[in-house]
Amino acid sequence: MLVVCGLTLCLGLALRGHSLRDCHLPLTAFCGLANLAAAVAILARARECPRESRGWRLLGLALILIAAANLAAGLDYRFPHLLGSHNVGPVILGVLSQSLAVAALVCLPWQSAGLDRRGRNVLGSILFVGSILLILWTVTNWEEGFGSHNVVNLALVAACVRLALLGGVALLLLEQDPRRIHGVLGFVLLNSLLGAIYIALLQALERQVGLKAIQMYTRHEMQEVIVVDGVAKGIVTRDMVTGEFEAHVADAVVLATGGYGNVFYLATYAKGCNTTAIWRAYQKGAAFANPCYTQIHPTCIPVTGDHQSKLTLMSESLRNDGRIWVPKKAGDKRPADQIPEDERDYYLERKYPSYGNLAPRDIASRAAKQVCDDGRGVGETGLGVYLDLSEATRRIGLHKIEEKYGNLLEMYDRITGEDPYKTPMRIYPASHYTMGGLWVDYNLMTTVPGLFCMGEANFSDHGANRLGASALMQGLSDGYFVLPATIAPYLAGIKPGARIKLDAPEVKAAEQATVTRQNKLFAIKGKQTPTEFHRKLGKIMWEFCGMARNESGLKEALKQIPELREQFHHDLALPGSGSEVNQTLELAGRVADFLDLGELMCLDALERRESCGGHFREEWQTEEGEAKRDDDHFCHVAAWEYMGAGQTPKRNVEELSFDNVHLATRSYK
Ligand SMILES: Cc1cc2nc3c(=O)[nH]c(=O)nc-3n(C[C@H](O)[C@H](O)[C@H](O)COP(=O)(O)OP(=O)(O)OC[C@H]3O[C@@H](n4cnc5c(N)ncnc54)[C@H](O)[C@@H]3O)c2cc1C
């Protein structure tokens, strides 16, 4: 009951607009009360059964300590300085309670629950090892002062130990009275649920928010960078609920606003991802590096028509067991199961025998495009290839396939209405990641001093291609290792008290620029929605600057995009006003920036007269259709510099030099 009350209270707070932070103390308090109630019940049980009382008493005590740890954690989070050094109180209580719980478990009358001596020993040993690990972890992390990430680890270990503990208690109680099943299960499940919520609450960012080290501005979109004497000094945001513009001044600005792959309209990105932040930074002097380097992922659910607003990624892991094929004969429209084995072309296995279906993303994507261009694509549109799990199903069994990919296959079934256990899945490449972005130095600073950029929004780390999993690696290393070490020295060089005031002319000018930009969009009063323009731009980009590019196509795109932009600025339909929630307005602003960015991407692709990684220029390929680099002329980063509206940007070059790993051409044959 107490746990349910706790959850209800939190739900109520959340519905009234309170943040997770506000729910934290009530949640931990109710969690503590629930544990306390369980302790009382268990101690009462100890009185009933004097013969078994030692174990029950210890368990009761352990639960009281866990309750105290819950409460301490809640207080520590809400009032960080109340208990001295952060988290130490809850951690000590947590460790004590876990140790006590282990002792209790060893003493509990397991035989009566049907657990033999061996079972008891196994359970006791697991808990014992868990506790030792917990204690070791505590000792080794002592000096770090239990930062938020450590608390999450602790909570995880503690949650596991607690789950085993609760499971054991449940077993015992049930054995003694099976009618308790609902109560016992309810307690175990809800307690675990609370544990999970608790862990979520302790996430690093939330904790810093709780400590008031970070002020959150949810539902705000950054619209402008404030630059004073060439140095970044803040940003201007738009409140997406009230429509208000607000300036925020700072000693340094960090952009972590993600990639721009939605320029293709259909992409695996979340719909909200856009380029506005980095585009504005570019317009304020930050160089934009290698904009044409985009990654197209080979395993997405194919496009079926104009009704789609995004594409769904089918995890690459499917390529571990799936075989990719198309019919050998062009125009073969027979269902997959009617195409005999010798009439199938497992083209990746054929072309790249050593990598087969695991060929890198750019190669697998291009190969899929090639077979579809040959008229051998599958599905109604002919833009798809089969990813077939039938051979793996025969080899390792249906249950293994279900175990490994069940959730993905279910998702595929729901989206396409086809059962992937019975018929091969259809996949096709889609825009997934952008390796280009704002140019940054090794300190992650852009060419505008004080303006830093991290994660997918910058150009660093990946070059012309990206391997799986390295995006999250980059985000983590940028945020965890690099920036903390590089921003501090930058800030150390700033004179105290030199922060610009909110009424400074540069701040006012930046605010005015955002207002003017918005007013211009409302003044158009045309007929086409931002989505229609976005879709058209996406088609141009996909056709001419997608998986394969060539000079005439890129020149065509560079003709069509300015025409589309012209149409946009004369025929945009924008309902509502700027002083309310207006998603069409948000979209319009983003599409305006995508139109400009798309042009820069095509220009960059045109100027890079070689093929490399995700950038495949059809004129530069080997006889076998593989990418051909031109290291003599293009072994460099192209960093584009904004020269003003309507002006051709300047292409700066940063030569690449290789000391330890030397340039080579890989073969996936
Ligand atoms: C479907 C999918 C699966 C993926 N799987 C993997 C994987 O398995 N392994 C891997 O390593 N990578 C994977 N990636 C790539 C990886 O997730 C991204 O590269 C990574 O999340 C980028 O992190 P980020 O913090 O730089 O940007 P994001 O996670 O994109 O975050 C940027 C945030 O900034 C916000 N924002 C943008 N503009 C503004 C603005 N003007 N004002 C305010 N806020 C703004 C965005 O709304 C977003 O919340 C996957 C990507 C997708 C789409």
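This is a predicted model: local features need pLDDT of at least 70, side-chain atom pairs count only at pLDDT 80 or more; totals for chains, interfaces and linings use all residues.
Residues are numbered from 1 along each chain as its sequence is written. Helices (H or I, at least four residues) and strands (E, at least two) are DSSP runs, numbered from the N terminus.

Helix H14 covers residues 470–492. Its 23 residues should span 33 Å at 1.5 Å a residue, and the end C-alpha atoms lie 31 Å apart, which agrees. The expected span is 1.5 Å times one less than the number of residues. H14 is bent by about 50 degrees at leucine 483. The bend is the angle between axes fitted to the seven residues ending at a residue and the seven starting there. Proline 484 follows within four residues. Leu483 is also one of the buried residues of H14, together with Ala471 and Asp478. A residue is buried if 20 or more other C-beta atoms, placed from the backbone, lie within 10 Å of its own, exposed if 12 or fewer, and partly exposed in between. The buried residues of H14 pack against strands E4 (253–255), E10 (425–434) and E12 (451–453). Contact requires C-beta atoms, placed from the backbone, within 7 Å.

H14 also takes part in the ligand shell. The ligand is surrounded by 23 residues, and the closest are Thr257, Gly258, Gly455, Ala471 and Leu472. H14 gives the most, with four residues.

An open sheet is formed by four strands in the order E11-E5-E13-E14, with antiparallel pairing. Strands pair if DSSP finds at least two bridges between them. Strands E11 (437–438) and E14 (650–655) are the edges, each pairing on one side only. Strand E5 (residues 288–289) is joined to strand E13 (residues 636–641) over two antiparallel bridges. Here phenylalanine 288 stands opposite tryptophan 640. Helix H18 (residues 583–607) packs on the sheet and touches E5, E13 and E14. The direction of H18 makes about 145 degrees with that of E13. Such angles run from 0 to 180 degrees between N-to-C directions, with axes fitted to C-alpha atoms, for helices over the stretch in contact.

Strands E2 (residues 231–239) and E3 (residues 245–249) are antiparallel, with five bridges. Threonine 237 has glutamate 246 in E3 as its bridge partner. Five residues lie between the strands of this hairpin, where glycine 243 takes a positive phi near 85 degrees.

Two residues other than glycine also have positive phi. Aspartate 229 has phi near 50 degrees and lies in the loop between E1 and E2. This aspartate 229 counts as exposed because it has 8 C-beta neighbours inside 10 Å. Aspartate 461, with phi of about 80 degrees, is found in the loop between E12 and H14. Aspartate 461 has 16 other C-beta atoms within 10 Å and is therefore partly exposed.

Glycine 538 is placed in helix H16 (residues 530–545). It counts as buried because 20 C-beta neighbours lie inside 10 Å. Beyond four places in sequence, glycine 538 touches Phe264, Tyr265 and Leu266. The C-alpha atoms of glycine 538 and alanine 267 are 9.4 Å apart, although 271 residues separate them along the chain.

How values were computed:
Two residues are in contact if their C-beta atoms, placed from the backbone, lie within 7 Å. A residue is near a molecule or strand if its C-beta atom, placed from the backbone, lies within 6 Å of it.
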